[in-house]
Amino acid sequence: KKEAEPEKTDEVTTTVSVAEDSAAIRQVILDFYNWYTPNYEKLMDYQLYKGVKKPHTPPYQIDWPIVDKYQAYLRQAAPQLGEDFYKAQKSMLAQADSAFKVDLEEELPYGFDYDWYTNSQEEPSYFLDGIKASKKWMIQVKGEDATVEIEAPESENFASGSLLIFVGLKKENGQWKIARIGND
């Protein structure tokens, strides 16, 4: 492990240890999922897409004003998510909107068949339990960017040795923020 690496700011150069970065990154992820789990249902109340001809039936389209409200709520309630996350989310929703125009009959809207925040179809509480129990967090920091791979814990409830989640982070104004959930 490196002892310390310089962190550049506008005014002063400070030294932040890899251990301090790792601890901060781990805390950001835990804080987000501790917030997300009890707020999952509230997020699901935002209807980000709508039926073009009839409610809740294909063909669909993204409801952009609702997306803006959704992201405004997230910015206020979940400060662990960064600007790169929001840009990627809007890009994914634009891709879904394009897919809706091609597949006019699909009952399950493209991009809405999994939980974007757990990158799975598991309940958030199951996922949070796995994160808390995992002893294998592989954190790599490269300047203002970091990646985290959290392995499933040793438990009968999880597939041993499997990757629970991949999280990309970026420093914004000196704070670690989640930039990406899941790996391409």
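**Strand pairing and aromatic contacts in a predicted model**

Visitor: Which residue in S6 stands opposite Lys142?

Guide: This is a predicted model, in which local features need pLDDT of at least 70, side-chain atom pairs count only at pLDDT 80 or more, and totals for chains, interfaces and linings use all residues. Residues are numbered from 1 along each chain as its sequence is written, and side-chain values use heavy atoms, leaving out hydrogens and water. Strands are DSSP runs (E, at least two residues), numbered from the N terminus, and two of them pair if DSSP finds at least two bridges between them. S5 (residues 137-142) pairs with S6 in the antiparallel sense over six bridges, and the residue in S6 opposite Lys142 is Asp145.

Visitor: What is the phi of Gly143 in the turn?

Guide: S5 and S6 form a hairpin with two residues between them. Gly143 lies in that turn, and its phi is positive, at about 65°.

Visitor: Why is the pair of Tyr126 and Phe158 classed as it is?

Guide: Rings of Phe, Tyr and Trp (its six-membered ring) pair if their centres lie within 6.5 Å; planes under 30 degrees apart count as stacked, over 60 as edge-to-face and the rest as tilted. The count by this rule is 21 aromatic pairs. For Tyr126 and Phe158 the centres are 4.5 Å apart and the planes at 25°, so the pair is stacked.

Visitor: How many residues apart in sequence are the parts that this pair ties together?

Guide: Tyr126 belongs to helix H4 (residues 124-133), helices being DSSP runs of H or I with at least four residues. Phe158 is in the loop between strand S6 (145-151) and strand S7 (163-172), so the parts tied together are apart by 32 residues.
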